Amino acid sequence: MEIAHQHHVSRSAISRQIGVLLKHRYIEQQANATDRRQKGLSLTATGRHLDQQLMATMHKTVHQWTTQLGPQRVKTLLGIFTDFNEQIINNEVPASD
């Protein structure tokens, strides 16, 4: 439930996504010893490797953007993405000045 709430999606959507990650053995589940309804998630070795690859690709992409566009334009672009996510995707109203 916590993951679904944080990502503003339904529990069933998160459940399906977790199912795919489990199927590909990127994550594993552990039942909580005191409350078996709660399950912890952790990356497997394969999941950690994939995470490292994705992070390296993201860093390389941002470096390329910065080289081509300059740091200020990239900062502006990322600010627009953040505003779009907060105001459009999450429907948050910006605070008045």
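How many helices and strands does the protein have? The points below start from that count.

1. Basis of the note. This is a predicted model, in which local features need pLDDT of at least 70, side-chain atom pairs count only at pLDDT 80 or more, and totals for chains, interfaces and linings use all residues. Residues are numbered from 1 along each chain as its sequence is written, and side-chain values use heavy atoms, with hydrogens and water left out.

2. Elements. The protein has four helices and two strands. Their order from the N terminus is α-α-β-β-α-α. Helices (H or I, at least four residues) and strands (E, at least two) are DSSP runs, numbered from the N terminus.

3. Overall form. The radius of gyration is 18 Å, well over the 13 Å that the globule rule gives for 97 residues, so the protein is more spread out than a compact globule. The radius is taken over C-alpha atoms, and the rule is 2.2 Å times the number of residues to the power 0.38. Along the principal axes, the C-alpha atoms fill a box of roughly 50 × 35 × 20 Å.

4. Burial and surface. Of the 97 residues, 11% count as buried; buried means under 20% relative accessible area, exposed over 50%, and partly exposed in between (1.4 Å probe, protein chains only). The accessible surface is about 8,400 Å², and 56% of this belongs to carbon and sulfur atoms. Accessible areas come from the Shrake-Rupley method with a 1.4 Å probe, and for residues only the protein chains shown count as cover.

5. Contacts along the chain. Contact means heavy atoms within 4.5 Å. Among contacts between residues at least 6 apart in sequence, 6% join residues at least 24 apart.

6. Helices H3 and H4. Helix H3 (residues 45–69) packs with helix H4 (residues 71–89) at an angle of about 125°, and their axes are 7 Å apart. Axes are lines fitted to C-alpha atoms, for helices over the stretch in contact, and angles run from 0 to 180 degrees between N-to-C directions. The two helices are therefore oblique to each other; angles under 35 degrees count as roughly parallel, over 145 as roughly antiparallel, 65 to 115 as roughly perpendicular and the rest as oblique.

7. Residues of that contact. H3 contributes Trp65, Thr66 and Leu69, while H4 contributes Pro71, Arg73, Val74, Leu77 and Leu78. The residues of the contact of H3 with H4 divide into six nonpolar, one polar and one charged. In this scheme Ala, Val, Leu, Ile, Met, Phe, Trp, Tyr, Cys and Pro count as nonpolar, Asp, Glu, Lys and Arg as charged, and the others, Gly among them, as polar.

8. Thr44 and Arg25. Thr44 sits in the loop between strand E2 (39–43) and H3, and counts as buried at 14% relative accessibility. Leaving aside neighbours within four places in sequence, Thr44 is in contact with Arg25, Tyr26, Ile27 and Glu28. Arg25 belongs to the loop between helix H2 (11–23) and strand E1 (27–31). At 63% relative accessibility, Arg25 counts as exposed.

9. Leu22, in helix H2, is partly exposed at 30% relative accessibility. Residues up to four places away in sequence not counted, Leu22 touches Ile27, Glu28 and Gln29. Gln29 lies in strand E1 and is partly exposed at 40% relative accessibility. With the same exclusion of residues up to four places away, Gln29 touches Ile18, Leu22, Lys39, Gly40 and Leu41. Gln29 and Ile18 are 11 residues apart in sequence, and their C-alpha atoms are 9.5 Å apart.

10. Further positions in H2. Gln17 also lies in helix H2 and is partly exposed at 45% relative accessibility. The C-alpha atoms of Gln17 and Glu2, 15 residues apart along the chain, are separated by 14 Å. For Leu22 and Val9, 13 residues apart along the chain, the C-alpha separation is 19 Å.
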